[in-house]
Amino acid sequence: MRIFLSGFVFVVLVCAGIAMGGELPGFIDLPSLVIVIGGMSCATVGSFPIHVIGEAIGDALGRNATEDEERVLRSYHVLSKMGDFAIASGLIGTVIGLVNMLANLDDPSAIGPAMAVALLTILYGVILGEFVCRTLANSCLSQNNIVLDRSSRRGLSSVYFTALSLFLF
């Protein structure tokens, strides 16, 4: 219940922030959604058996009560990797959007949609990866009072530095 409540509050706050500064429909881009959700889904299914993915989601949502620490850690791992895949898909979409934008510099009407793909895919990837998948992964741990050391997450900063460098250079 707390996952759904916090997710609802997050969506409301993000939508309110968008509406205060612009128009909400401008932040909805089907190609960006396809790239991020499709990329994350394909990579996840390619990496884990479907029953393990379903088990992980069920564990995170509290539907599969378990005392098995190995299973909880596996569910955490699956959901964390889903978060990584979502962010990576967002980066891929950003590169696709930038390439399309640069390929169409002579057509000003094509620059806007390409830039939207570039920016929104990374936005969608970070929201899906960090605020959905990692929240579900951490929920698996917190429901079973398991604490992990943070050394397993040190590679995350390199992903964000890469993304930041795309926009700085």
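Is Glu55 buried or exposed? Glu55 is buried, with a relative accessible area of 19%, where buried means under 20% relative accessible area, exposed means over 50%, and partly exposed lies in between (1.4 Å probe, protein chains only). The points below place that residue in the rest of the model.

1. Basis of the note. This is a predicted model, in which local features need pLDDT of at least 70 and side-chain atom pairs count only at pLDDT 80 or more, while totals for chains, interfaces and linings use all residues. Residues are numbered from 1 along each chain as its sequence is written, and side-chain values use heavy atoms, with hydrogens and water left out.

2. Overall fold. The chain has 6 helices and 0 strands, so that, read from the N terminus on, its elements run α-α-α-α-α-α; helices (H or I, at least four residues) and strands (E, at least two) are DSSP runs, numbered from the N terminus. Of the 169 residues of the chain, 34% count as buried.

3. The structure holds 6 salt bridges, a salt bridge being a side-chain nitrogen of Lys or Arg within 4 Å of a carboxyl oxygen of Asp or Glu. Glu55 forms one of them with Arg74, and the closest N and O atoms of this pair are 2.6 Å apart. The pair links distant parts of the chain, with Glu55 in helix 3 (residues 50-60) and Arg74 in helix 4 (residues 69-103), 19 residues apart.

4. Arg71 forms a salt bridge with Asp59, for which the closest N and O atoms are 2.8 Å apart. Because Arg71 lies in helix 4 and Asp59 in helix 3, the pair ties together parts that are 12 residues apart in sequence. Both Arg71 and Asp59 are buried, and the residues Glu55, Asp59, Arg71 and Arg74 are linked in a network of salt bridges.

5. Arg134 forms a salt bridge with Asp84, with the closest N and O atoms 2.5 Å apart. Here too the pair links distant parts of the chain, since Arg134 is in helix 5 and Asp84 in helix 4, 50 residues apart. Arg134 is buried, with a relative accessible area of 6%, while Asp84, at 29% relative accessibility, counts as partly exposed.6. The largest pocket. About 720 Å³ of space lies in the largest pocket. On a 1 Å grid over the protein atoms alone, a pocket is an open set of points where a 1.4 Å probe fits, with protein on both sides within 12 Å along at least five of seven lines, and lining residues have an atom within 4 Å of a point; the volume is the space filled by probe spheres set on the points, which are joined across faces, edges and corners. Of the 24 residues that line the largest pocket, Phe10, Val11, Ile127, Leu128 and Val132 are the closest to its centre.

6. Make-up of the lining. Helix 1, helix 2 (30-47) and helix 5 (108-143) are the elements that give two or more residues to the lining of the largest pocket, and helix 1 gives the most, with 9 residues. By class, this lining has 21 nonpolar, 3 polar and no charged residues, where Ala, Val, Leu, Ile, Met, Phe, Trp, Tyr, Cys and Pro count as nonpolar, Asp, Glu, Lys and Arg as charged, and the others, Gly among them, as polar.

7. A nonpolar surface patch. Leu5, Phe8, Val9, Val12 and Leu13 make a nonpolar surface patch of about 490 Å². Patches are made of residues with over 30% relative accessible area and no salt bridge, like charges being joined within 9 Å and nonpolar side chains (Val, Leu, Ile, Met, Phe, Trp, Tyr) within 5 Å, and accessible areas come from the Shrake-Rupley method with a 1.4 Å probe, only the protein chains shown counting as cover for residues. Val12 is found in helix 1 (residues 2-21) and is partly exposed, with a relative accessible area of 40%.

8. Pairs separated in sequence. Phe4, found in helix 1, is exposed, with a relative accessible area of 51%; Phe4 and Leu61 are 57 residues apart in sequence and 9.1 Å apart in space, C-alpha to C-alpha. Met101, placed in helix 4, is buried, with a relative accessible area of 15%, and its C-alpha atom is separated by 5.0 Å from that of Ile111, 10 residues apart along the chain.
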